[in-house]
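Below are my comments on the model. They are set out as numbered points.

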Amino acid sequence: MKNNGAASKKALILGAGIGGLTTALFLQKQGWDIAIYEKKQELSEFGAGIVLAANAMHVLKKLDVADKVKQAGAKVGKADIRAWEGRAITSVPVDLQADKYKTYSYLIHRAKLQAILAHELGARVTLHMNKKLNDIVQDETGVTLRFEDGSEDKGHLLIGCDGIHSQSVALLFGHQPLRYSGFHALRGITTFTDQRYPREIGGGFEAWGKGKRFGFSQIGENQVYWFAAVNSAPGAKILLKKEHALQQFKGWFQPIEAVIQSTAEASILFHDIYDRVPLKSWSKGRVTLLGDAAHPMLPNLGQGGAQAMEDASVLADCLSQIEASRLEDLEAALAAYERTRMPRAHRVVQQSRRMSRVVQMSNPIGLMLRNKVLGIMPAKVQISQLDWLLGHRV
């Protein structure tokens, strides 16, 4: 930790994903010196889209990057839900939501969002790539990171933003088993045009069938993002991802097969989907967790990135007035961060898992009742059910 005559505050961040970069942007505004350590060899996110609902857009506005995200992504101007054969079930009242929350939701390629955030990093931030963590050591004066290449660094605070397979979680709290969702996901990005979902309006649709669903949305710059979720046992080995997707959705309404067919094999990702039973604590001494490291969640509410951004904003607020060298000040700030964030983040984890029972349903009678209830649900009721989530501001 440097000392050039004036007291400095140094934060170490593990992970240069959305959570880590957002945290760095908030802390640099407060005058922290920041070192970000990323295990990948280059700054890149998986080739998939990310939805940024109103609560995420409000955090990005605090960082003065919301307009850049809007320009690089696509507004969700239409969001239909259909049965597998194309019959309309319902439509999300996106215009009413936008009026209520003063912003539309947006979809953007994860790599573009990451690049926008990274571009805002200032002189106080250093970004180190290809750094694999070996150990965390802390004492009264600071916390030290030791890496596999023999290097190390010391700061006043460590923030673990290293994702669902977090090494910082393992070192702090031991092995924490993941919890299987009951489905695997395929995701792809391609260039595709459908007159029902023009680029000028943005958005797209989800199609729901028996134990599987397919989603399609604009993400800007003539690209669309699609995902598929298929009920299955964990550990399936899929060699030909496009062929697997086409088999799963054969006979579903167009443009589903056409979208899959237009996607290059190398542009399709395949993953079993997991979350984790919520931890009782995110912090120990001078170390805390954020984003998927703290609370990995299923993607059913589209809130993984948004909740990491909310974490970053609240953590920065809690750290804003402390003397970083004083362990008691730091521990009090991290305790305040947990008190503020844990109840909400854990609720999103819980609700995202509950949503699986709705969107991945396979019982034919249940499917019929679900679709009928959604079809007659008033727009105001749809909005009110998610107001606790989308209307939240940090």
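This is a predicted model: local features need pLDDT of at least 70, side-chain atom pairs count only at pLDDT 80 or more; totals for chains, interfaces and linings use all residues.

How many salt bridges does a search of the whole structure find? The search finds 19.

1. Glutamate 120 and lysine 68 form a salt bridge through their side chains, at 2.6 Å from N to O. The pair joins distant parts of the chain, 52 residues apart: glutamate 120 lies in the loop between helix H5 (110-119) and strand S8 (125-128), and lysine 68 lies in helix H3 (residues 66-72). Glutamate 120 is partly exposed at 24% relative accessible area, and lysine 68 is partly exposed at 37%.

2. A salt bridge also connects the side chains of glutamate 206 and arginine 213, with an N to O distance of 3.7 Å. Here glutamate 206 is partly exposed, its relative accessible area being 23%. Arginine 213 has a value of 4% and therefore counts as buried, the limit being under 20%.

3. Aspartate 311 and arginine 341 meet in a salt bridge of 2.6 Å, N to O. This pair also links distant parts of the chain, with aspartate 311 in helix H9 (residues 304-319) and arginine 341 in helix H10, 30 residues apart. Aspartate 311 is buried at 0% relative accessibility, and arginine 341 is buried at 1%. Both belong to a network of salt bridges that links Glu310, Asp311, Arg341 and Arg344.

4. Helix H10 covers residues 327-359, which is 33 residues. From first to last C-alpha the helix reaches 46 Å, close to the 48 Å expected at 1.5 Å a residue. Where does H10 bend? The bend is at arginine 341 and amounts to about 40°, with proline 343 following within four residues. Arginine 341 is also the salt-bridge partner of aspartate 311.

5. Methionine 361 sits in the loop between H10 and helix H11 (364-376). Leaving aside residues up to four places away in sequence, methionine 361 touches Gly209, Lys210, Gly211, Ser356, Gly366, Leu367 and Arg370. The C-alpha atoms of methionine 361 and lysine 212 are 7.9 Å apart in space, while the two residues are 149 apart in sequence.

6. Isoleucine 365 belongs to helix H11. Is isoleucine 365 buried or exposed? With a relative accessible area of 56%, isoleucine 365 is exposed. Together with Met368 and Leu369, Ile365 makes up a nonpolar surface patch with about 330 Å² of accessible area in total.

Technical notes:
Residues are numbered from 1 along each chain as its sequence is written. Side-chain values use heavy atoms; hydrogens and water are left out. Helices (H or I, at least four residues) and strands (E, at least two) are DSSP runs, numbered from the N terminus. The expected span of a helix is 1.5 Å times one less than its number of residues. The bend at a residue is the angle between axes fitted to the seven residues ending there and the seven starting there. Contact means heavy atoms within 4.5 Å. Patches are made of residues with over 30% relative accessible area and no salt bridge: like charges are joined within 9 Å, nonpolar side chains (Val, Leu, Ile, Met, Phe, Trp, Tyr) within 5 Å. Accessible areas come from the Shrake-Rupley method with a 1.4 Å probe; for residues, only the protein chains shown count as cover. A salt bridge is a side-chain nitrogen of Lys or Arg within 4 Å of a carboxyl oxygen of Asp or Glu. Buried means under 20% relative accessible area, exposed over 50%, partly exposed in between (1.4 Å probe, protein chains only).
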